[in-house]
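My notes follow in the order I checked things.

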Amino acid sequence: MREAEFKAWLEARRWNGKSLTAKAIYGRVRRLVRLERSLEALGYQGDLDAVRASGRMAELFQAVRSFIDTRSEGIRPPLQLVPQAADPSGQLRNILAALRQYEQ
């Protein structure tokens with residue numbers, strides 16, 4: 001992941017006319033770091049940039065989204081992705097939102 005470039009992009013963006021706080025930027029970056037640590041467990045090689053370069057970004061979105069969709073079936077995401085979540089749905093949605101921003 002190109003962390004410095006992503007941080008700079010987030011700092012330059014405005015949501016509802018306001019800049020993101022340092023805490024919000026940090027949170028988005030940390031979510032993607034957790035996602036990158038989980039890529040191998042999800043069946044991917046390399047980092048987020050390698051996933052993008054291989055044309056598998058949409059597939060990654062679906063893989064993460066599937067953990068939300070299968071929650072009722074007891075299927076859990078990799079522990080390193082959402083380590084302490086009894087109900088990881090909210091965290092997974094936040095990871096997807098950060099990933100959408102990173103994709104831009």
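I started with helix H1, residues 3–12. I looked up what its buried residues pack against: strand S1 (14–15), H2 and H5. The model is a predicted one, which I keep in mind throughout.

Which residues of H1 are buried? I found Phe6, Trp9 and Leu10. They cover an arc of only 95° around the axis, so I place them on the same side of H1. I then turned to the face of H1 pointing away from that buried side. It carries the exposed residues Ala4 and Ala12.

Next entry: H2 against H5. I looked up the angle and the axis distance, because two packed helices are described by these values. H2 and H5 pack at about 100°, and their axes are 9 Å apart. Angles of 65 to 115 degrees count as roughly perpendicular, so H2 is roughly perpendicular to H5.

I listed who meets whom. H2 brings Arg28, Arg31, Leu32, Arg34 and Leu35. H5 brings Gln91, Asn94, Ile95, Ala98, Leu99, Gln101 and Tyr102. Sorted by class, this contact of H2 with H5 holds 6 nonpolar, 3 polar and 3 charged residues.

I stayed on H2 for one more residue. Serine 38 is found in this helix. Is Serine 38 buried or exposed? Its relative accessible area is 0%, and buried means under 20%, so I note Serine 38 as buried. I also checked its neighbours, leaving out residues up to four places away in sequence. Serine 38 touches Gln80 and Leu81.

Last entry: helix H4, residues 57–69. I checked its length first. At 1.5 Å a residue, its 13 residues should span 18 Å. The end C-alpha atoms of H4 are 18 Å apart, which agrees.

Then I looked up burial in H4. Met57, Leu60, Phe61, Ala63, Val64, Phe67 and Ile68 are buried. Seen down the axis of H4, these fall within an arc of 160°, so they line one face of the helix. The face turned away from the buried side of H4 carries exposed Ala58 and Asp69.

What covers the buried residues of H4? The cover includes helix H2 (22–38), helix H3 (48–53) and helix H5 (89–103).

H2 and H5 are among what covers the buried residues of H4. The buried residues of H1 also pack against H2 and H5.

Key:
Residues are numbered from 1 along each chain as its sequence is written. This is a predicted model: local features need pLDDT of at least 70, side-chain atom pairs count only at pLDDT 80 or more; totals for chains, interfaces and linings use all residues. Side-chain values use heavy atoms; hydrogens and water are left out. Helices (H or I, at least four residues) and strands (E, at least two) are DSSP runs, numbered from the N terminus. The expected span of a helix is 1.5 Å times one less than its number of residues. Buried means under 20% relative accessible area, exposed over 50%, partly exposed in between (1.4 Å probe, protein chains only). The arc is that of the directions from the helix axis to the C-beta atoms. Contact means heavy atoms within 4.5 Å. Axes are lines fitted to C-alpha atoms, for helices over the stretch in contact, and angles run from 0 to 180 degrees between N-to-C directions. Angles under 35 degrees count as roughly parallel, over 145 as roughly antiparallel, 65 to 115 as roughly perpendicular and the rest as oblique. Ala, Val, Leu, Ile, Met, Phe, Trp, Tyr, Cys and Pro count as nonpolar, Asp, Glu, Lys and Arg as charged, and the others, Gly among them, as polar.
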